[in-house]
Amino acid sequence: MSDVTIEKPVLEPTGALSVETVLSVRHWNEHLFSFRISRPASFRFRSGEFVMIGLQGDNGKPLLRAYSVASPSWDEELEFLSIKVQDGPLTSKLQMIQPGDQIYLGRKPTGTLVTDALLPGKRLFMLSTGTGLAPFLSLARDPDVYEFYEEVVVVHSVRRVSDLAFHDELEGKLAEDPLVSEQAANQFHYVPTVTREDFRNNVRIDKLVENGALFEGLSGDRKFNPETDRIMMCGSMEMIKQFAAYFEGEGFVEGSNAAPGAFVIERAFVG
């Protein structure tokens, strides 16, 4: 039998979408992958924002979904982190992409997981589950974040060890990063936790707060302080709703681009 070559459609840009090239793909496990694409010279975004990306749907029209940009605003490429959903309209196709393939990229990034939506503070905590890590990968590699905050903390909760995407880079305090490695060595803290396999932390984020493990190695209180701590959250709806209620009860005020506050969530993903 001869090999059958599947011809992929040639995508056409629109007023709202550019067409970019897939540069690399990294499969973390059977449920998780990340990929990098070309970045248009005109594309500007703030670290932590999201944008629409997608492929051609079965009806010939763009099939799009919002994805947080995982690369920092200075990067010459754009990186994204995605789950694999076998029967998902987009992800069932997206997980098959290879370098050289074409992909749609929205021209207008937006979002509230940005430093502009937070008041000045001393410690920045970024609480994430699963692929909610993506915007915090962007922010953790942004030099401005280290100018704004004395300590930068990324908390990542997953079910399995193999779900800890970018674990080695974060565990190594971003030592290979050309712009933030020096600052991150002293200011960056990474708190991974795995809930369904053996790991040094194996409880959910709320338990890390309760037992104080989340604050180990940090200066200041072993609890959240609305006067000096700033919070970002991205991930499961359960985690976000739980912590939004918790922080409001502790005197934290939710922020937005129009009115900065003490904590922010990405409402585009929560509803």
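Reader: Into how many nonpolar, polar and charged residues does the lining of the second largest pocket divide?
Author: The lining of the second largest pocket divides into nonpolar, polar and charged residues, where Ala, Val, Leu, Ile, Met, Phe, Trp, Tyr, Cys and Pro count as nonpolar, Asp, Glu, Lys and Arg as charged, and the others, Gly among them, as polar. This is a predicted model in which local features need pLDDT of at least 70 and side-chain atom pairs count only at pLDDT 80 or more, while totals for chains, interfaces and linings use all residues. Residues are numbered from 1 along each chain as its sequence is written, and side-chain values use heavy atoms, with hydrogens and water left out. The division is six nonpolar, three polar and four charged.

Reader: What is the volume of the largest pocket?
Author: A pocket is an open set of points on a 1 Å grid over the protein atoms alone, where a 1.4 Å probe fits, with protein on both sides within 12 Å along at least five of seven lines; its lining residues have an atom within 4 Å of a point. Grid points are joined across faces, edges and corners, and the volume is the space filled by probe spheres set on them. For the largest pocket this comes to about 1000 Å³.

Reader: Which element gives the most to the lining of the largest pocket?
Author: Helices (H or I, at least four residues) and strands (E, at least two) are DSSP runs numbered from the N terminus. Elements that each supply at least two lining residues include β4 (62-68), β5 (77-83) and α6 (205-211). With six residues, the most is given by α7.

Reader: How many residues of domain 2 are in contact with domain 1?
Author: The chain is divided into domain 1 (17-106) and domain 2 (115-267), with bounds from an automatic or database domain assignment. Their centres, taken over C-alpha atoms, are separated by 24 Å. Counting contact as heavy atoms within 4.5 Å, 23 residues of domain 1 meet residues of domain 2 numbering 22.
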